[in-house]
Amino acid sequence: MRYVTLMQLFEHPITQKYVKRAGLAHAISTSYHAFRLAKQKQVNPDLAVKAAFLHDMGHYTWYRNGQWDFDLYKENDIHAIKGAERAHKLLIRLGEDRKNAKQIALAVLLHTDSYLPAGDLDRNALQEIVAQADELDEEPSGKHHYRKISDTKARKKIAQLDEWIDAELAKAVNEEHEKSEV
Ligand SMILES: [Fe+2]
């Protein structure tokens, strides 16, 4: 069962502010990649898609003299940490299951190692999917953050993902049921 839909997340003012700041088109494409990867790797698509949709909501815009300053960003960015906290707070407010909220927040926290001293992160399957989905949609010089999408198109795409996730979860429940009947 799902406690919170992607549409509920999308419609919340916190998401409207922070996911849009980091790029709604990027958040949606990353969510589609995450859905596909989750299906392939048999990871819960509900958690993978929510984490992918919210993964960049901790971004701050690093401008100096009206220009994006990549050095300033590299030095000071902690978007994954802030994003994890924001995502967790939002999910809990909307009534998400606490265990799910923690898993999603951790996947947001670990989707990049950009804020850590060099070293490999030991990610679980869900966390790896979100990191990979993000990479698949990345464009040079952070251009993926600026791609545009209309609200109408965004809503359609989000509704589609919600439908697919419901269908996948229903399939999983049926399979469990069939196994228990054997
Ligand atoms: Fe991203």
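**Exercise 1: a helix pair**

Task: find which residues in α3 meet which residues in α4.

Solution. On the α3 side, look for Ala27, Thr30, Ser31, Ala34, Phe35, Leu37, Ala38 and Lys39; they meet Pro45, Ala48, Val49, Ala52 and Phe53 in α4. Contact here needs C-beta atoms, placed from the backbone, within 7 Å. Sorted by class, this contact has 10 nonpolar, two polar and one charged residues. Nonpolar covers Ala, Val, Leu, Ile, Met, Phe, Trp, Tyr, Cys and Pro, charged covers Asp, Glu, Lys and Arg, and the others, Gly among them, are polar.

A word on the ground rules: this is a predicted model, with local features needing pLDDT of at least 70 and side-chain atom pairs pLDDT 80 or more, while totals for chains, interfaces and linings use all residues. Numbering starts from 1 along each chain as its sequence is written.

**Exercise 2: the crossing**

Task: work out how the axes of α3 and α4 cross.

Solution. Take helix α3 (residues 24-41) and helix α4 (residues 45-54): their axes come within 8 Å and cross at roughly 155°. That makes the two helices, α3 and α4, roughly antiparallel, a label for angles over 145 degrees.

**Exercise 3: the whole chain**

Task: list how many helices and strands the chain has, and their pattern.

Solution. Count nine helices and two strands (DSSP runs: H or I of at least four residues, E of at least two). Along the sequence they read α-α-α-α-β-β-α-α-α-α-α. The C-alpha atoms fill a box of roughly 65 × 40 × 30 Å along the principal axes.

How values were computed
Axes fitted to C-alpha atoms, helices over the stretch in contact; angles between N-to-C directions. Parallel < 35°, antiparallel > 145°, perpendicular 65-115°, else oblique. Contact = placed C-beta atoms within 7 Å.
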